[in-house]
Amino acid sequence: MEPSESTTTSAASNHTLNSTGGGCPWEVSDKAKLCRFLCYGSEKYIYTARDEGHVRMDSAEALLSLLQEGRGAEVVEEVKWFSQDERAVRLGPSLFALALCSQHSELKTRQVAFKALREVCRDPAHLFSFIQYKKELKEGMKCGIWGRALRKAVSDWYNEQDAMSLAAAVTKCKQKEGWSHHDLLRLSHIKPANEAIALIIKYLTKGWKEVQVAYTDKENSEEVVKVLSYLEVVEKVKHSCDETEVINLIEEHKLEREQLLTDHLKSKQVWRALLKEMPLESVLRILGRMTSNKILEPGSSETQALCDRIESESALKKAKIHPFTILLSSENYKRGQGYQGKIKWEPDSSILRAMDLAFYKSFMNVEPVGKRFVVAVDVSTSLSSVVPGTSISTAVAAAAITMIFARTETDTHVLAYSEGDLVPISVSADMSLAQTTVELVKIPGGTTDCSLPITWATENDKTVDVFIILTNNPLWTFTASPVESLKKHRQKSGANSKLVMCGLTSIGHPNAEMEDRGLLCICGFDLGALSVIRNLGQDMI
């Protein structure tokens, strides 16, 4: 059964209505460019995997145009939407856009921007980045930043939080981008909303000794007592040299590594205590280091407990771990050394088995896009090279990507093609990653024509919403463009078909600028690429 347009979430549907700003359905309007910028930091139709470049003004021309047109409130709504539920690849562009809106000349734009601060900046790191963007923008716009509106917005950010949650957050992230809580509280002239918040503010601005003097012999509310006890634990662990005491405090109060001293992190036992409650995604990132430092040893109870957690469906579901995240971690762990080669380890077979099981279980965390897909793999060249910045071969990456769509979307066709030859591939739910990889590389290589999958769909009366073409060839080397084939498919099928060209090893960009909102190029591949594809498929960018 083919999924209908109604299968997308209501929130997505509401957003889609205003995505393009009207006009031709494939026009790359300023609104469309803004959404691209908020999603992955560029107004162009090219997403580069693992690009963590600092956001600059010259990357946000459409954002400036919309502000000049008096559409600032509309911009802030888009910022709020992309900042939620990991819809954007990274939050930097949204924080930059919000900072820019908060310094715009139009009063209404500034007001809605400051009102959105708490919703967009969900933790101290976000708030520090927002303030730093404002500082950088101030230098180019000749306006101050610490006016009454910003002072109120920052004060509200602290005052409107649950006191215990705020105490945990500010002791985990104390400073970033050259800003500290002490700086923000001093500059905002904050007036605490209640006694518990007042306690936290005194702790951040005056220190623990001042807090002790002010609260020790005072009759305090239940909430103040809880916050006071928590801060006392944080202070106790900071001054403790007793390994057993530190471990007990970690386990009893669920302290995290950011709240510990560097010397504490030299202890294997301390790390073992931290691993028990550490977020699963964070655990996956440090498995190599934990194995190298003998914190996780073959056959140990700690290793078994960790494997049980990695395999646990409830733990995977709670952490919302994506299968591609597990694959990246697993392949890196198999490699036995860090990317710079300084840290080396012998991969533990039980951890590898746990990650293999977790990979298949985590497909339950992939939310369907609800569209009709063709995922086509170009096998004209060998798929033995490695996706840049990862330990994954392009063959395994292509197999994993096809599995993600074949297992989670009700209407997906998988194709392998090369030199005029195109073969439909059956990817069933019970196939392993290795079996899928073998299926994809069966047909011989040769020259390539990336329009073949689109032509196949058109000639076989397959209505397709999104074509995803995975290739080992650099995107800029293609002499023939599949755009004309895509237009023919749109005309014949009546569908708003889109095309994603993924150059799995590509580090160069296509030469031509495509003025078609339904086209997207991806250079390399990472988890963010899947978010970008989802947003394109649901008309969000």
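One term before we set off: buried means under 20% relative accessible area, exposed means over 50%, and partly exposed is anything in between (1.4 Å probe, protein chains only). What you have on screen is a predicted model, where local features need pLDDT of at least 70, side-chain atom pairs count only at pLDDT 80 or more, and totals for chains, interfaces and linings use all residues. Residues are numbered from 1 along each chain as its sequence is written, and side-chain values use heavy atoms, with hydrogens and water left out.

**Stop one: the cysteines**

Select C173, which counts as buried at 19% relative accessibility. Which cysteine sulfur is closest to that of C173? The one in C121, 12 Å away and too far for a bond. Now pick C521, buried with a relative accessible area of 8%. The closest cysteine sulfur to C521 is in C523, at 6.8 Å, again too far for a bond. A disulfide here is a pair of cysteine sulfur atoms within 2.5 Å, and a search of the whole structure finds zero of them.

**Stop two: helix α6**

Helices are DSSP runs of H or I with at least four residues, strands are runs of E with at least two, and both are numbered from the N terminus. Select residues 107-115, helix α6, and colour T109, A113 and F114, which are buried. They share one side of α6 because they cover an arc of only 125 degrees around the axis (the arc is that of the directions from the helix axis to the C-beta atoms). Turn to the face pointing away from the buried side of α6, and you'll find the exposed residues K108 and K115.

**Stop three: helix α16**

Next, select 268-277 for helix α16, where V270, W271, R272, A273, L274 and L275 are buried. What covers these buried residues? The cover includes α15 (243-253), α17 (280-285), α18 (287-292) and α19 (301-311).

**Stop four: charged pairs**

By salt bridge we mean a side-chain nitrogen of Lys or Arg within 4 Å of a carboxyl oxygen of Asp or Glu. K276 is exposed at 53% relative accessibility, while E251 is partly exposed at 37%.

The structure holds 22 salt bridges. Go to E78 and K31 for another, at 3.4 Å from N to O. E78 sits in helix α4 (residues 72-82) and K31 in helix α2 (residues 30-40), so the pair ties together parts that are 47 residues apart in sequence. Is K31 buried or exposed? Buried, at 2% relative accessibility; E78 is buried as well, at 5%.

Within it, R71 and E74 have their closest N and O atoms 3.0 Å apart.

**Last stop: strand β5**

Finish at residues 412-418, strand β5, which is largely enclosed by the rest of the structure because six of its seven residues are buried. Two strands pair if DSSP finds at least two bridges between them. Strand β4 (residues 373-378) pairs with β5 in the parallel sense over six bridges, and V414 in β5 is the bridge partner of V375. Strand β6 (residues 421-425) pairs with β5 in the antiparallel sense over five bridges. Select Y417 and you'll see it standing opposite L422 in β6.

Definitions and conventions: Contact means heavy atoms within 4.5 Å.
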